[in-house]
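I opened the model and kept notes as I went. The entries follow in the order of looking.

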Amino acid sequence: MSRESQTALPGKPAQPELPGKVPDRLRAELIAFRRDLHMHPELGHQEFRTTAAIKARLEKAGLRPRVLRSGTGLICDVGTWDGERPMLALRADIDALPIPDAKTHAPYRSTVPDRAHACGHDVHTATVLGAGLVLAELDRQGLLPRPVRLVFQPAEEVLPGGATEAIESGVLDGVGKIIAVHCDPRVDAGKIGLRTGAITSACDRLEVSLDGAGGHTARPHLTTDLVTAAARVAVDVPALLARRMDARSGMSVTWGRIEAGHACNVIPMHAELSGTVRCLDLNAWHEAPDQIHAAIDEVATMHGAKFEINHVRGVPPVVNDPVVTELLREAMTARRGAESVEDTEQSLGGEDFSWYLEHVPGAMARLGVRVPGDPVKRDLHRGDFDVDESAIAVGVEFFTAAALLDGRRPGPHL
């Protein structure tokens with residue numbers, strides 16, 4: 001890699017060009033690495049092959065990665081930390097989803113039945129790996145102003161997310177801020193989407209069991225009509241919450257499963273509902289369990305049903321820090337110009353990157369992966385999900401620019 005060169009725009013003074021571009025040979029290698037991960041997807045806490053592949057490549061570059069206590073996932077520092085100025089961390093999630101790969105004609109489609117990288121974690125991994133390799137080369141040249149930590153986190157798709165275990169393993173020790181990207185199939189490759197404040201939603205799992213005396217459908221007045229009770233819980237609980245929670249919080253309870261009974265003329269003795277709780281406001285998320293429990297109690301009691309609630313806390317919303325978000329904007333602008341950054345909307349999807357932000361400031365950007373001009377509307381968590389692989393090099397250069405710009409700023413001591 002060459003040292004900084006000078007570039008200038010008409011009528012403006014020359015500005016030093018940031019180092020850290022991705023050479024062609026590394027572009028090809030990272031695409032091949034991503035395709036290998038795509039062909040061998042592993043679920044949360046089972047990412048042994050993925051972890052080994054990342055570790056081997058980092059060690060080949062002369063780095064010293066450390067596998068997390070859970071046995072999957074790892075961290076790796078680029079540069080030597082002096083114990084004072086906190087590091088910037090780059091985070092990638094490495095797990096896949098339990099769904100079949102529907103890309104029948106792709107040569108790199110999944111080789112594992114009912115497993116697929118349908119959320120882009122293979123791209124996230126290749127991007128942070130590539131950034132680590134580029135930053136390591138800059139460090140050897142004396143061009144890395146401050147050490148950077150690479151975080152390859154397992155089990156993002158498993159509530160409450162592998163981030164909690166990673167934090168307990170000490171991945172944030174010495175870290176002052178953390179950044180990440182997430183693939184966005186609605187944004188063209190070559191661009192990123194940014195938003196200050198909440199960019200994703202809190203996400204919990206909610207399970208409700210209803211019990212009562214069943215009986216003959218000819219005599220519902222002698223029973224606890226659990227089918228009706230379950231139906232009222234499904235309809236009335238979200239309606240009650242809509243009036244008891246601040247509408248600006250984005251609170252949403254949506255049911256994905258209702259199960260009750262086996263025969264048309266028998267009122268069952270047991271019914272179940274399960275769904276998700278999503279919320280864009282952090283304070284409302286903390287308040288949600290009490291409000292939801294009270295609403296279910298009110299509706300179930302009205303119908304004489306006994307109930308049990310299993311409210312599985314998932315993840316809080318990802319709330320992007322304004323200072324770190326501006327760093328990401330500056331980094332992408334330095335690489336590809338102001339037109340490469342667009343505003344992005346809030347999503348009701350959950351992301352365990354939020355747990356890191358409970359400890360240090362940080363921000364997540366949406367990495368454009370859509371082939372420009374592609375008329376097909378793709379989405380995450382679908383078996384046909386795929387990306388424009390040029391986005392990998394874009395993400396690498398985005399990360400390296402953020403690391404260089406952050407390292408040049410005066411920072412607090414720990």
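Is Phe 399 buried or exposed? I found Phe 399 buried, with a relative accessible area of 0%. Buried means under 20% relative accessible area, exposed means over 50%, and partly exposed lies in between, with a 1.4 Å probe and protein chains only.

**Ground rules.** I am working on a predicted model, where local features need pLDDT of at least 70, side-chain atom pairs count only at pLDDT 80 or more, and totals for chains, interfaces and linings use all residues. Residues are numbered from 1 along each chain as its sequence is written, and side-chain values use heavy atoms, with hydrogens and water left out.

**Aromatic pairs.** I searched the whole structure and got three aromatic pairs. Rings of Phe, Tyr and Trp (its six-membered ring) pair if their centres lie within 6.5 Å; planes under 30 degrees apart are stacked, over 60 edge-to-face, and the rest tilted. I looked up Trp 285 and Trp 355: ring centres 6.1 Å apart and planes at 70 degrees, so this pair is edge-to-face. The pair joins distant parts of the chain, 70 residues apart. Trp 285 sits in helix 6 (residues 282-302), and Trp 355 in the loop between strand 17 (341-343) and strand 18. Helices (H or I, at least four residues) and strands (E, at least two) are DSSP runs, numbered from the N terminus. Trp 285 is buried at 4% relative accessible area. Trp 355 also counts as buried, at 18%.

I then took Phe 398 and Phe 399. Their ring centres are 5.9 Å apart and their planes are at 35 degrees, so the pair is tilted. Phe 398 is buried, with a relative accessible area of 1%.

I checked for a charge over Trp 285. Arg 313 lies over its face, 3.9 Å from the ring centre. The test wants NZ of Lys or CZ of Arg within 6 Å of the ring centre and within 35 degrees of the ring normal.

**Largest pocket.** What is the volume of the largest pocket? I read about 870 Å³. The search runs on a 1 Å grid over the protein atoms alone with a 1.4 Å probe; a pocket is an open set of points with protein on both sides within 12 Å along at least five of seven lines, and lining residues have an atom within 4 Å of a point. Grid points are joined across faces, edges and corners, and the volume is the space filled by probe spheres set on the points.

The lining has 37 residues. Glu 157, Arg 278, Gly 349, Gly 350 and His 381 lie nearest the pocket centre. I sorted the lining into 15 nonpolar, nine polar and 13 charged residues. Nonpolar covers Ala, Val, Leu, Ile, Met, Phe, Trp, Tyr, Cys and Pro; charged covers Asp, Glu, Lys and Arg; the others, Gly among them, are polar. Strand 7 (175-188), strand 10 (202-211), strand 14 (270-279) and strand 18 (362-370) each supply at least two lining residues. Strand 7 gives the most, with five.

Most residues other than glycine have a negative phi, and most peptide bonds are trans. I listed the departures. His 381, from the pocket lining, has a positive phi of about 60 degrees. His 381 sits in the loop between strand 18 and helix 8 (390-408), and is partly exposed at 42% relative accessible area. Ala 155 has phi near 60 degrees, also positive. Ala 155 is in the loop between strand 6 and helix 4, and counts as buried at 0%. Pro 160 is in the loop between strand 6 (148-153) and helix 4 (163-168). The peptide bond from Leu 159 to Pro 160 is cis, with omega near 0 degrees.

**Helix 3.** How many residues of helix 3 are buried? I counted 17 of 20, so helix 3 is largely enclosed by the rest of the structure. Helix 3 (residues 121-140) reaches 29 Å from first C-alpha to last, close to the expected 28 Å. The expected span is 1.5 Å times one less than the number of residues. Gly 142 follows helix 3, with a positive phi near 75 degrees. His 117 is in the loop between strand 5 (87-93) and helix 3. His 117 is buried, at 2% relative accessible area.
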